[in-house]
Amino acid sequence: MMVGFGCPVILWLALAAVLGSVLGLGENIDRPLIGPPGSPIRLLESDTGLKKALQFAEERYNQGSNAMHLRKVSRLLSATKQLVKGIRYSITVELSNTQCKKSTMLRTCDFYPELQKLKTEVCLFEVWDIPWQGTSTLLRQKCQPKVEVQQEETNKVVGASTSQPLEESVELLGQFKEFMVKYNKDYSSQEEADYRLRVFHENLKTAEKLQTLDQGSAEYGVTKFSDLTEEEFQSAYLNPLLSQWNLHRLMKPAPPARVPAPASWDWRDQGAVSSIKNQGMCGSCWAFSVTGNIEGQWFLKNGTLLSLSEQELVDCDGLDQACRGGLPSNAYEAIEKLGGLETETDYSYTGKKQSCDFTSMKVAAYINSSVELSKDEKEIAAWLAENGPISVALNAFAMQFYRKGVSHPLKIFCNPWMIDHAVLMVGYGERNSIPFWAIKNSWGEDYGEKGYYYLYRGSNACGINKMCSSAVVN
């Protein structure tokens, strides 16, 4: 998990130890880390694929950064690759400021000669490259300011930390037991329970850091996902295809709203939003986002609120990858080709891909086309109030530990280019002068505020403005 700002020196020591073992100084740097086929393999800096992955990561980092100057890799700390339906690179580097502003080509830029202006960060990037498709995806980006640690401080902290082992924390054990009871957790062995306790402990620290640095009114803490590592959470509940911008189908632009946005709006008050659903451990959020939008559109045109089938899309949408992710733009096209959607009752959700069992005689709702909305949040609000709930997507990092309130994470936690979760925007307003978007999620009613997530409105937080779309029902 991410090490937070102002973290104890011991955590940086641990990071240094890990980096040292990964670098394997004095050993054969090309040997596999584990051994079996498909396991990570250490890379030299001269590796051609690594150079390409580093350049891609630099570009994505700079696209999502608010900094005035470009940054580039000043030091490679470690790099591995793993064959997983393509090549997955895991790269740890130091990034430093260059003297060039963002309008300049990065390769021609020199670093600042003054150390205080370098503002070096330690960053972990995970890049998934599929050479035969010509596609690259930034799966993960974590950056922290580089901390220089003095040896005297290091020895002192190590001694202090080892005097309080994890298992002696009565408060932590109490929290973990309460978590297990509340969310009906049952582990297969004592070893598994011990491991989940360690993950739970690390997640508490991440939630605390999010809480400390949040710019809104959100409360972060223990959720039903608190025993999952970030990688497990991403694999089970999120959608990496959303950030593969080159895969997105071009959509025609939506006509702008006819009038400015009212001060607030909520389609739940108008009866246009169905009850909260649960996608389970399946990356099918794209299907729930699209069906929610079509449910609203059908209600506005026909006056009837239907609960439409996500499972039909999981099984029958040949353009997307079922539980491994998908794109709303593809889903609209698939629905048009199929001829419409059945209801949830007729084609119920199982949370896993099955053979397509679509029956045209059972179609309950259809669409005629789809449109892409403006990326201006004021225009998005006006369109929503005039036309109905909107399919949107966002970076869901802060959502794993969200409990309630208006979430406004720092960009370092919520890179707007690393979108990985599709949801339904149903309204907007203000709470205690904090503007928000009301977002219907698909993780059950025991998530967030009775299944809803509230995100700060007005700063394009977490990339919420980058992928707004809607079906069109004539």
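Modeller: Before we start, helix axes here are lines fitted to C-alpha atoms over the stretch in contact. And keep in mind that this is a predicted model.

Colleague: Good to know! So how do the axes of H8 and H10 cross?

Modeller: Helix H8 covers residues 285–302 and helix H10 covers residues 328–338; their axes come within 9 Å and cross at roughly 60°. Angles of 65 to 115 degrees would count as roughly perpendicular and those under 35 as roughly parallel, so H8 and H10 are oblique to each other. The crossing of H8 past H10 is right-handed.

Colleague: Which residues in H8 and H10 meet?

Modeller: From H8 you have Trp286, Val290, Asn293 and Ile294, and they meet Pro328, Ala331, Tyr332 and Ile335 of H10. Seven of the contact residues are nonpolar, one is polar and none is charged.

Colleague: Nice. Switching to the largest nonpolar core, which residues touch the most other members?

Modeller: Ile390 and Tyr453 do, in a core of 55 residues. Several elements each supply at least two of its residues, including helix H6 (190–213), helix H11 (377–387) and strand E10 (390–394).

Colleague: And what does Ile390 touch, leaving out residues up to four places away in sequence?

Modeller: Among its contacts are Asn293, Leu373, Trp383, Val423, Met425 and Cys468. There is also a second, separate core of 20 residues, which includes Ala57, Leu76, Ile87 and Met418.

Colleague: One last thing: is Trp128 buried or exposed?

Modeller: Its relative accessibility is 18%, so Trp128 counts as buried. Trp128 lies in strand E4, residues 121–130. Its C-alpha is 5.7 Å from that of Ile87, although 41 residues separate Trp128 and Ile87 in sequence.

Notes. Residues are numbered from 1 along each chain as its sequence is written. This is a predicted model: local features need pLDDT of at least 70, side-chain atom pairs count only at pLDDT 80 or more; totals for chains, interfaces and linings use all residues. Side-chain values use heavy atoms; hydrogens and water are left out. A nonpolar core is a set of buried Ala, Val, Leu, Ile, Met, Phe, Trp, Tyr and Cys residues joined through side-chain atoms within 4.5 Å. Buried means under 20% relative accessible area, exposed over 50%, partly exposed in between (1.4 Å probe, protein chains only). Helices (H or I, at least four residues) and strands (E, at least two) are DSSP runs, numbered from the N terminus. Contact means heavy atoms within 4.5 Å. Axes are lines fitted to C-alpha atoms, for helices over the stretch in contact, and angles run from 0 to 180 degrees between N-to-C directions. Angles under 35 degrees count as roughly parallel, over 145 as roughly antiparallel, 65 to 115 as roughly perpendicular and the rest as oblique. A crossing is left-handed if the near helix is turned anticlockwise from the far one by less than a right angle, and right-handed if clockwise. Ala, Val, Leu, Ile, Met, Phe, Trp, Tyr, Cys and Pro count as nonpolar, Asp, Glu, Lys and Arg as charged, and the others, Gly among them, as polar.
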